[in-house]
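Me: Hi! I'd like to chat through a structure with you. Could you bring it up?

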Amino acid sequence: MAWFRAATVITKRKLLQRSAWNFAPRIQVLSSQQKTFHATNFTPKSQVVAPSKPSPVPLSRLTDSFLYGSSSTYLEELQKAWEADPSSVDESWDIFFRNYIGHDTSRISQVSTKQIQESMSLMLLVRAYQMYGHMIAKLDPLELGQRQIPQELDPANYGFTESDLDREFFLGAWKISGILSENQPVRTLRSILTRLEKAYCGTIGYEYMHIADTEKCNWLRDRIESEETAKFDREHCLVILERLAWSLKYEMFLGTKWSSAKRFGLEGAETLIPGLQEVIDRAADFGAENVVLGTTHRGRVNALGTVVKMPLRRIFCEFNGTLNSPDERGYTGTGDVKHHLGASYDHKTRNSKNVHISLVPNPSHLEAVDPVVEGKTRAKQYFSNDSERIKNISILIHGDGSLPGQGVAYESLHLSALPNYSTGGTVHLVLNNQVAFTTDPDSGRSSQYCTDIAKAFDSPVFHVNGDDMEAVARACQLAAEWRQTFHSDAMVDVVCYRRFGHNEVDEPFLTQPMMYKVIKNHPTALDFYEKKLVESGVVTQEEVDGIHKKINKILNDEFLASKDHVPDRKDWLSANWTGFKSPDQLSPIRNTGVKIETLKKIGKSITTLPDNITPHRAVKKFYEQRVQMLESGEGIDWGFAEALAFATLIAEGNHVRLSGQDVERGTFSHRHAIIHDQQTGVKYCPLDHVNPNQRKEMFTVSNSTLSEYGVMGFEFGYSMENPHSLVMWEAQFGDFANGGQVIIDNFLSSCEAKWLRQNGLVLLLPHGYDGQGPEHSSARLERFLQAKDS
């Protein structure tokens with residue numbers, strides 16, 4: 001079964017050519033130094049279609065980049081134009097002719113059209129590997145899919161034959177990073193192809209040529225095409241090995257002790273845990289201090305124990321069902337299953353840096369946690385003055401079926417660059433089982449890769465073979481560096497498998513018999529990595545055995561301790577909420593009023609507009625009416641009362657945030673929190689000027705993307721971080737909250753009972769029976785209330 005989505009049509013770019021005569025299967029055996037990539041095969045000369053006679057090229061096209069020129073007539077015209085005036089051609093052609101011919105004009109006549117054509121063809125071949133090399137990379141650990149080689153990667157497509165392999169060609173030194181930037185203008189075709197296949201066709205497949213930013217592409221090329229692939233020293237290898245051993249042996253221990261329990265284990269994807277830890281370590285090297293983590297069900301219990309470091313005896317109590325003991329006092333809530341729980345922990349990285357990790361709890365609704373994580377991260381950035389968005393980062397782990405299948409994943413990515421929602425980029429790890437529950441990829445998505453959603457946001461994607469531990473570590477490090485450097489998203493697609501079914505009591509042979517015949521006899525990633533390190537002399541077998549012995553002892557000791565373990569009273573996991581009442585405690589009613597003198601003073605500051613602002617005449621009248629309301633104390637409407645409430649909170653030092661569709665003006669033109677100058681378009685917000693030198697974003701009002709689910713989830717996450725703030729989401733009409741019902745039901749109304757997490761999100765749901773039909777009249781209060789047992 002193929003792990004990728006097979007193309008069903010030939011695209012304009014001709015990504016795949018399925019004609020059987022184009023390529024022979026890649027079965028050539030390589031030397032031991034080249035086993036990580038495939039050998040290049042050529043189309044036989046007898047099968048190469050002769051190119052058509054080139055037609056003249058209009059001079060208007062002489063400014064095209066060298067990447068788009070191919071005919072000999074075109075090249076001759078370009079050379080003539082360059083000889084007459086170097087500035088008349090595109091810069092890339094100027095660089096080419098200067099490198100190839102130099103400033104010695106006596107050489108011009110010695111340069112043949114064929115030589116130029118060959119050099120340009122070689123440039124196009126290099127570009128083809130950068131664009132399509134991932135399509136023949138060795139990504140599937142089970143090797144189930146037969147992938148066709150794109151025509152663009154066949155050297156014969158550019159006129160080269162096997163006899164050319166040891167010929168020297170001019171490659172040049174260009175203003176492009178990577179192999180094209182090096183000072184080796186003349187190389188053999190064999191050395192070039194070897195280098196390209198090692199870089200792009202190994203166990204990591206790179207997709208980044210869709211990114212329009214040249215600086216970003218050059219940054220990636222420098223790291224991908226480097227002559228020396230980043231290597232790990234012995235100390236680092238030992239750390240990775242121990243983390244990998246923990247990942248697998250922890251799962252095996254749980255499977256042995258609780259064989260009938262659902263745990264959504266990581267067997268088959270055990271490299272994900274060390275990969276996640278590499279992201280955290282590398283991000284910390286670049287300044288990260290807090291990580292907000294959201295995960296899939298699969299691997300969550302593993303992450304709790306091995307990354308977040310929840311005490312193992314407490315996790316074992318969850319499996320034993322003894323966590324909520326009769327002796328425990330205080331509010332315990334209803335609880336939730338193990339693979340929904342959250343936790344937080346202070347983590348020490350490999351380089352001894354301190355990072356606080358918050359694993360956000362989430363329900364069974366796939367990808368629902370994505371916007372919650374982003375909102376919580378944004379709030380952390382605000383409250384810690386992290387304006388550069390380096391100290392607080394988010395990491396999301398997705399499933400290969402849910403990432404393209406759940407709309408909230410796209411909604412969350414869609415927030416990534418918006419002014420009041422951006423978190424400075426997220427590292428996405430995709431746990432690519434190659435099966436979504438029981439659905440094969442060809443029934444689960446219409447795109448080739450499950451990560452194709454990332455291309456819409458100019459995010460690089462690193463596909464990696466989940467059996468190659470060091471490749472996973474390199475890809476994860478690169479993603480972390482990208483995020484901290486460019487403050488945008490990056491995706492690591494860890495192509496792996498499930499050793500068992502969707503959960504441990506599921507029978508996978510019912511739906512994927514051929515896949516599971518292979519899996520049954522497939523070694524673990526730990527087997528592969530231990531063998532590699534021992535055979536290369538990096539570690540000894542005794543050291544490997546010592547790691548196993550150490551892990552087994554800790555697991556068994558914690559298991560024994562869990563039998564007599566009496567959990568401490570559960571507390572609110574977020575320290576910022578310390579002191580707030582639990583549901584079984586009564587809180588006195590407090591006076592929240594404000595003195596009339598204070599209201600008048602603050603009201604004047606938010607109704608007085610600067611002389612250099614020219615509001616719309618209707619808005620000017622709107623604010624003049626508010627001045628009259630303030631002076632008379634009569635006729636104060638909802639919009640002005642709301643503005644006064646916001647202003648008094650801000651005056652007391654509280655953060656106020658309001659978002660939703662069209663909230664700046666208000667759906668019913670009742671707010672006008674942002675005034676648009678009719679002459680210049682400049683925006684002015686009166687509530688930004690309640691206090692002298694008021695902090696930026698202390699009052700935030702922001703029109704959101706046209707989304708309910710994603711934006712409400714974002715604001716819920718934002719509200720979780722700190723109780724000393726007013727965070728609101730407003731619907732255009734109350735009924736539109738229907739689009740965010742998953743957040744309402746599974747987070748907002750139940751998170752305290754399930755996960756002991758409090759939040760302060762306020763929903764503003766304008767509605768009423770005012771003649772606008774049933775679609776705008778069903779946000780009645782009873783829909784949002786919970787019944788409580790007497």
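Me: Which residues does Thr-648 touch, not counting residues up to four places away in sequence?
Reply: This is a predicted model. In it, Thr-648 touches Val-594, Leu-599 and Ile-602, with residues up to four places away in sequence left out.

Me: Where is Thr-648 placed?
Reply: Thr-648 sits in helix 20, which covers residues 638-651.

Me: And is Thr-648 buried or exposed?
Reply: Buried. Its relative accessible area is 10%, and the cut-off for buried is under 20%, so Thr-648 qualifies.

Me: Switching to rings now. How many aromatic pairs does the structure hold?
Reply: There are 22 aromatic pairs. One of them is Phe-160 with Phe-169, an edge-to-face pair with 5.3 Å centre to centre and 85 degrees between the planes.

Me: Are Phe-160 and Phe-169 buried or exposed?
Reply: Phe-160 is buried, and Phe-169 is too.

Me: What about Trp-482 and Phe-486, why is that pair tilted?
Reply: The ring centres of Trp-482 and Phe-486 are 4.7 Å apart and the planes are at 50 degrees. Under 30 degrees would count as stacked and over 60 as edge-to-face, so 50 degrees makes this pair tilted.

Me: How many residues apart are those two in helix 14?
Reply: Trp-482 and Phe-486 are 4 residues apart in helix 14 (residues 469-486), so about one helical turn separates them. Both Trp-482 and Phe-486 are buried.

Me: Which residues do ring pairs link into a cluster?
Reply: Phe-253, Trp-258, Phe-316, Phe-319 and Phe-559 are joined into a cluster by ring pairs.

Me: Let's do helices. At what angle do helix 6 and helix 9 cross?
Reply: At roughly 35 degrees, with the axes of helix 6 (residues 234-257) and helix 9 (residues 312-320) coming within 12 Å. The crossing is right-handed.

Me: Which residues make that contact?
Reply: Helix 6 brings Trp-246, Tyr-250, Phe-253 and Leu-254, while helix 9 brings Leu-312, Ile-315, Phe-316 and Phe-319.

Me: Last topic, charges over rings. Where does the charged end of Arg-657 sit?
Reply: Over the ring of Tyr-421, 5.2 Å from the ring's centre.

Me: And which ring does Arg-695 lie over?
Reply: Arg-695 lies over the face of Tyr-382, 3.9 Å from the ring centre.

How values were computed. Residues are numbered from 1 along each chain as its sequence is written. This is a predicted model: local features need pLDDT of at least 70, side-chain atom pairs count only at pLDDT 80 or more; totals for chains, interfaces and linings use all residues. Side-chain values use heavy atoms; hydrogens and water are left out. Rings of Phe, Tyr and Trp (its six-membered ring) pair if their centres lie within 6.5 Å; planes under 30 degrees apart count as stacked, over 60 as edge-to-face and the rest as tilted. Buried means under 20% relative accessible area, exposed over 50%, partly exposed in between (1.4 Å probe, protein chains only). A charge sits over a ring if NZ of Lys or CZ of Arg is within 6 Å of the ring centre and within 35 degrees of the ring normal. Axes are lines fitted to C-alpha atoms, for helices over the stretch in contact, and angles run from 0 to 180 degrees between N-to-C directions. A crossing is left-handed if the near helix is turned anticlockwise from the far one by less than a right angle, and right-handed if clockwise. Contact means heavy atoms within 4.5 Å.
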